[in-house]
Amino acid sequence: MASYGNFNMNRKRKGKKVIITVVCVIVILLAAVFAIGIIAGGGGEEAERISSAVQENTQLKQQISELNDEIESMQAVIDDLNAELDARPTAAPTPSETAPAASAEPTDSPSSTNSPRAGSR
């Protein structure tokens with residue numbers, strides 16, 4: 001019966017060895033992925049392109065912000081002018097005296113058709 005106790009002790013040691021082996025393999029894989037990332041990510045052109053795009057994006061956002069501020073300022077001026085126009089009194093238009101238009105009288109139709117082209121035939 002004493003051999004059963006030894007069997008359980010060996011089993012615990014095997015479990016520890018398996019866990020340690022799995023942890024070591026994971027650490028080695030992570031180190032390899034890290035090394036590959038450093039090697040592949042070392043391209044200066046790509047990093048420079050990304051940096052340039054980020055800088056341009058920041059500048060464009062700043063320009064948009066400035067333009068929005070300018071729009072708000074212009075809108076405030078427009079609102080002030082509209083309020084000023086609304087506050088002004090309106091006067092009724094004065095009728096202007098104009099000479100009566102000469103009435104068009106019908107003319108008699110000519111009895112003969114004298115056309116300058118009539119003699120050219």
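Let me begin with a definition: a residue is called buried under 20% relative accessible area, exposed over 50%, and partly exposed in between, using a 1.4 Å probe and protein chains only.

The model before you is predicted, so local features need pLDDT of at least 70, side-chain atom pairs count only at pLDDT 80 or more, and totals for chains, interfaces and linings use all residues. Residues are numbered from 1 along each chain as its sequence is written, and side-chain values use heavy atoms, without hydrogens and water.

The protein has 2 helices and 0 strands; these are DSSP runs, H or I of at least four residues for helices and E of at least two for strands, numbered from the N terminus. Of its 121 residues, 0% are buried.

Helix α1 spans residues 2–40 and contains Leu-30. Leu-30 is exposed, because its relative accessible area is 56%.

Let us turn to side-chain contacts. The whole structure holds 1 salt bridge, meaning a side-chain nitrogen of Lys or Arg within 4 Å of a carboxyl oxygen of Asp or Glu. Arg-88 and Glu-84 form a salt bridge at 3.4 Å, N to O. Glu-84 is partly exposed, because its relative accessibility is 44%.
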